[in-house]
Amino acid sequence: MTKTVAGQNARHAEVAIVGAGPSGCYTAIALRRLMPDAAITVFDRRMTPFGLLRYGVAADHQGMKNVARQFDRVFASPGVRFVGNTGIGRDLSLTDLHAAFDAVVVATGLPNDRPIGIAVHPDARVLGAGELLRFINADPDSVLRGADADSCRPLGESVVVVGAGNVAMDVARLLSKTAEDLVGSDVDDEARAALEAENVRCIDIVARGPRDRVRWDAAMLRELCELPGVGVSIDGEQVAGDGEPRVAVNVHFAVDTRAVDHRDGRAVLTGIHSASNTEVEFVADTVITAIGFVAESDAPVDPAIGTQIFRVGGAESGVLANLAENRAAAKKAAAQVADALSVRCISKPGLAGVEHLLPARVVDFADWRIIDDAEVARARPGRCRTKFNSRKEMIDVVRSSDGVLV
């Protein structure tokens, strides 16, 4: 039986937000302030809210993840509902939302790793940084958690990271840390064990641009350099670490990558050093791309339906922004929604209009709190929580709390 989540007064503005990540949550907060009587329904295909904050932000950056407390408060407020485990394009369409809501805000972010854009040998192991980070963040939907056992095999002793932004720094830092270095985090220890992350001994970071145009924050490099047992060099100059490091991180700027080949069971990244116009190559067990993210294709929308659609965050800009930028963009989007709904007749049924299309088991905010509490309660030693890394585990813990036999 479908879980009842409807029941809002159709006379009030009915707004759907697709995506419960930072952009979607900040938009809900801003709409509550501008339109306190509005009924706001936030859909997400995942079992849990918070999107990038939960599954993308590095597991050892808990200060940033604490923003979720602010998002918890908006879902606990009257007139805001979370409808999880409900995919737009899978369970219902944007056209369905258009028919039921006065406004639809698309806040789906940039969920896919940007393709590397060069020739890649089919036998060379190339992973996207987003998928890697989601895997070690316990994302049940990570492709590395799929049925293909080869997808989550060990990374090997040497890794090449392509890119010079904060995501590249996250990858290098997390692969350089030991289990003890991750005390206080919510890292998925099972995922790290599957990747044999502690066996990584050499990380080459390859950046297309010059050193003076680096895109990572200085604090990110400093955090990497302060790790015990880690040596860091930039274009051959040692900047951190003494003696023989446990992990050597080597940064190479101004390299125009050309191809990823395969030789003797290893990946070979080839390129041209822009300054010297010489060929270079990096041999590694795994190549990890950290060159940005792209959106999924939008589902088709019936042009005859007049409900207004708004976009926010990465779905609007095509750029992965920080939390402050997400918040500013969300305020702008919420103001646009409020202005638009102030001049048009409001008559849509809202969540009640799509309830019959929802999956058999949606996850609401009360369910999320059960999952949240259970993850904290089952935390392994040295971890702030141990996340459930499968949808079944989450459903089982919710059913157990309801007195349902699992």
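## The E13–E14 pair and its sheet

Strand E13 (residues 255-263) and strand E14 (residues 266-273) run antiparallel to each other, joined over 8 bridges; strands here are DSSP runs of E, at least two residues, and helices are runs of H or I, at least four, numbered from the N terminus. Pairing takes at least two DSSP bridges between two strands. Look at aspartate 256 and you'll find its bridge partner in E14, isoleucine 272.

This is a predicted model, so local features need pLDDT of at least 70 and side-chain atom pairs pLDDT 80 or more, while totals for chains, interfaces and linings use all residues. Residues are numbered from 1 along each chain as its sequence is written, and side-chain values use heavy atoms, with hydrogens and water left out.

Zooming out, 4 strands make an open, mixed sheet ordered E6-E13-E14-E15. Strand E6 (119-120) and strand E15 (278-284) sit at the edges with a single partner strand each, so one side of each has no neighbour in the sheet.

## H4 against H12

The axes of H4 and H12 come within 10 Å and cross at roughly 145° (lines fitted to C-alpha atoms over the stretch in contact, angles from 0 to 180 degrees between N-to-C directions). Asp72, Phe75 and Ala76 of H4 meet Phe365, Trp368 and Arg369 of H12, contact being heavy atoms within 4.5 Å.

## The second largest pocket

A pocket is an open set of points on a 1 Å grid where a 1.4 Å probe fits, with protein on both sides within 12 Å along at least five of seven lines; lining residues have an atom within 4 Å of a point. The second largest pocket is lined by 17 residues, with Lys65, Asn66, Ala68, Asp372 and Arg385 nearest its centre. Helices H2 (51-55), H3 (62-65), H4 (68-76) and H12 (365-377) each give two or more residues to that lining.
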